[in-house]
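This briefing concerns a single protein model. Please consult the sequence and the coordinates alongside the text.

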Amino acid sequence: MSASDNAPALGPTDPFGDPLDPENRPARLAVGVVGTGRVGPALGAALQLAGHRVVAASGVSAASRRRAEALLPGVRLVSPPQVLAAADLVLLTVPDDALADLVAGLSATGAIRPGQLVVHTSGAHGVAVLEPAARAGALPLALHPAMTFTGTSVDLARLAGCPFGVTAPEELRPVAEALVVEMGGEPEWVPEEVRPLYHTALAHGSNHLVTLVSQAMELLHSAGVAEPGRLLGPLLGAALDNTLRSGDAALTGPVARGDAGTLRRHLEQLRTVSPDIGQAYRAMARATAQRAVRGGSLKEEAAAALLDVLNEETP
């Protein structure tokens with residue numbers, strides 16, 4: 001999607017030409033990265049592979065600097081205002097809670113230029129958080145890669161086909177989606193008003209999955225299994241695939257079958273081995289029973305027997 005060699009030159013305040021034209025493609029841009037955690041260097045490297053040029057980045061910690069050196073070799077590390085002074089497109093890849101203050105500070109100091117693309121990668125925010133930058137004449141985009149990052153070159157391969165939650169002013173939607181495609185991703189439009197719900201869903205599914213799987217591995221360690229991951233891998237892979245295809249219809253196990261006796265034995269084990277995991281098990285069992293009833297795979301009377309067992313157990 002890089003501009004062809006005979007494309008007309010674009011002005012400094014119009015880096016993409018007419019953003020309303022879906023056929024328009026971004027010219028090669030000078031890219032800056034503010035925040036060299038796990039996400040920023042990978043996206044910067046992806047844009048470089050697409051023909052753009054990362055000209056500056058900012059990072060404070062030693063780990064951030066190492067990531068920048070590994071994924072963006074030769075790119076100078078400077079202060080955030082210096083990054084913005086050098087870049088046509090700025091990636092703000094900082095933690096969610098730091099984003100608003102960063103944008104406000106950069107805007108207040110005049111670091112943001114009219115026509116500059118200001119892109120953040122926070123899943124929790126849409127473009128409203130970039131309002132100070134928009135008032136300064138910047139073009140605000142929210143591009144959230146729905147993927148976990150390692151901060152290594154492995155991330156570049158994983159970006160191929162990665163969904164990005166895209167939120168932007170409607171007139172900039174073609175620009176936002178074009179950038180995602182350039183990075184190898186697949187744009188998924190997320191309206192501003194539902195951005196918090198979108199992020200809640202992703203965090204609940206991915207972050208809590210890590211906790212759940214880690215708890216299962218811990219219990220298998222306690223049961224004497226030397227390689228819990230090897231045992232769990234095929235089972236969890238099949239469960240995830242079935243769920244993504246069929247939703248609640250993929251439910252199996254003692255709760256879905258209404259096996260109250262098995263549930264009681266599980267809770268007895270957890271009360272001895274790990275009361276903390278027992279609390280999580282109990283909460284998930286209740287949620288599973290409710291979904292199974294709503295889906296019609298578990299009868300009300302069977303669910304009531306399960307809830308009796310869950311209620312008689314104490315942490």
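The points below cover the overall model, then selected helices.

The structure is a predicted model, in which local features need pLDDT of at least 70 and side-chain atom pairs count only at pLDDT 80 or more, whereas totals for chains, interfaces and linings use all residues. Residues are numbered from 1 along each chain as its sequence is written, and side-chain values use heavy atoms, with hydrogens and water left out.

**Confidence**
- The average pLDDT (the predictor's confidence in each residue, from 0 to 100) is 91 for the protein, and 90% of the residues score at least 70.
- Over residues 1–22 the pLDDT stays under 50, and the model has 40 contacts for this stretch beyond four places in sequence; contact means heavy atoms within 4.5 Å.

**Overall architecture**
- The protein has 13 helices and eight strands, taken as DSSP runs numbered from the N terminus (helices: H or I, at least four residues; strands: E, at least two).
- The C-alpha trace spans about 75 × 40 × 35 Å along its principal axes.
- Of the 315 residues, 40% are buried, where buried means under 20% relative accessible area, exposed over 50% and partly exposed in between (1.4 Å probe, protein chains only).
- Among contacts between residues at least 6 apart in sequence, 62% join residues at least 24 apart.

**Helix 7 and its surroundings**
- Helix 7 (residues 173–182) has Val175, Ala176, Ala178, Leu179, Val180 and Glu182 buried.
- These buried residues pack against helix 1 (40–49) and several strands, including strand 4 (89–92), strand 5 (117–120) and strand 6 (139–145).
- Gly184 follows helix 7 and has a positive phi, near 95 degrees.

**Helix 8 and helix 9**
- The axes of helix 8 (residues 195–222) and helix 9 (residues 228–246) come within 9 Å and cross at roughly 135 degrees.
- Helix 8 is therefore oblique to helix 9, since angles under 35 degrees count as roughly parallel, over 145 as roughly antiparallel, 65 to 115 as roughly perpendicular and the rest as oblique.
- Val213, Ala216, Met217, Leu220 and His221 of helix 8 meet Pro228, Gly229, Leu231, Leu232 and Leu236 of helix 9.
- By class, this contact of helix 8 with helix 9 has eight nonpolar, two polar and no charged residues; Ala, Val, Leu, Ile, Met, Phe, Trp, Tyr, Cys and Pro count as nonpolar, Asp, Glu, Lys and Arg as charged, and the others, Gly among them, as polar.

**Gln215**
- Gln215 lies in helix 8 and counts as buried because its relative accessibility is 17%.
- Leaving aside residues up to four places away in sequence, Gln215 touches Ile277 and Ala280.

Notes:
Axes are lines fitted to C-alpha atoms, for helices over the stretch in contact, and angles run from 0 to 180 degrees between N-to-C directions.
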